[in-house]
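Let's walk through this fold together, strand by strand. Have the model open beside you as you read.

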Amino acid sequence: MEIRGPLQLPARREQIELHTLDGLTLVGELALPEHRAPVATLVTLHPLPTAGGFMDSHILRKAAGRLPALADLAVLRFNTRGTSSPRGTSEGAFDGGAAEEFDVAAAMQFVHDRALPHPWLVGWSFGTELALKYGRDHAIDGAVLLSPPLHRVTDDEVAAWHHDPRRLVILVPEFDDYLRPAEARERFASVPEATLIAVDGGRHLWVGETQTRRVLTEIVAATNPDALPLPVEWDGAQGQMPFPG
């Protein structure tokens with residue numbers, strides 16, 4: 001069976017709730033390897049909810065659908081405050097990245113309480129801004145940034161990652177709508193130790209199986225490189241196709 005599209009490979013999946021310090025309940029899902037302990041944990045931060053981003057945004061859904069089985073990774077997805085998905089609606093209202101600081105903290109508290117190993121933040125678009133603004137406050141191994149727009153992040157917040165021991169891996173699409181590779185190199189020049197990867201042919205939304213595989217490969221390269229190369233076919237138990245698209 002070719003691994004593509006919304007194919008969901010076997011995993012232990014649990015619907016979860018996160019509880020913020022300002023009293024909100026956020027909804028989410030934890031996906032774990034089916035028969036093994038995870039070697040690392042992806043804490044995913046979705047794109048802008050006012051533009052349709054949510055925990056099921058396709059790259060994050062495919063990471064949760066594939067990487068527990070293919071790379072022994074735990075994948076935590078959740079809706080930030082005021083965001084809805086088929087899983088449900090998180091309490092509260094979108095706050096433009098300010099009160100979402102509490103949402104990131106709630107996710108990291110969950111990771112700590114469950115003793116999930118080697119957490120990495122994986123932000124996409126708006127989620128990269130949350131990772132840059134608040135990731136340094138938490139016990140993470142690093143952060144992977146997909147299509148960072150840098151709209152809500154100051155130059156000082158970027159520069160604060162300089163000399164930080166946690167890894168920063170940045171994927172910038174060649175044809176991004178907001179920040180393309182040349183400008184990204186300038187904006188991230190204050191963090192010379194960061195790994196900035198310009199993706200030829202890439203676009204902000206990473207549409208298509210070729211772009212999906214490239215993104216998932218780079219995530220695994222950062223978090224569990226021993227699992228590479230990722231298979232493109234699945235020979236194990238039958239996968240499922242839970243969602244269209």
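Two strands count as paired if DSSP finds at least two bridges between them, and the helices (H or I, at least four residues) and strands (E, at least two) are DSSP runs numbered from the N terminus. This is a predicted model, in which local features need pLDDT of at least 70 and side-chain atom pairs count only at pLDDT 80 or more, while totals for chains, interfaces and linings use all residues. Residues are numbered from 1 along each chain as its sequence is written, and side-chain values use heavy atoms, with hydrogens and water left out.

Start with the open sheet: eight strands in the order E1-E2-E4-E3-E7-E8-E9-E10, with mixed pairing. At its edges sit E1 (12-19) and E10 (195-199), each pairing on one side only.

Now look at E3 (residues 40-45) and E7 (residues 119-124), which run parallel and share five bridges. Here Leu45 has Gly123 of E7 as its bridge partner. Helix H2 (residues 100-113) packs on the sheet and touches E1, E2, E3, E4 and E7, where contact means heavy atoms within 4.5 Å.

Moving along, E8 and E9 are also joined in the parallel sense, over five bridges, and Leu145 is partnered by Ile170 in E9. Six of the seven residues of E9 (residues 167-173) are buried, that is, under 20% relative accessible area with a 1.4 Å probe and protein chains only. E9 pairs in parallel with E10 as well, through five bridges, and Leu171 stands opposite Ile197 in E10.

Technical notes
Axes fitted to C-alpha atoms, helices over the stretch in contact; angles between N-to-C directions. Buried < 20%, exposed > 50% of the residue type's maximum accessible area, 1.4 Å probe, protein only.
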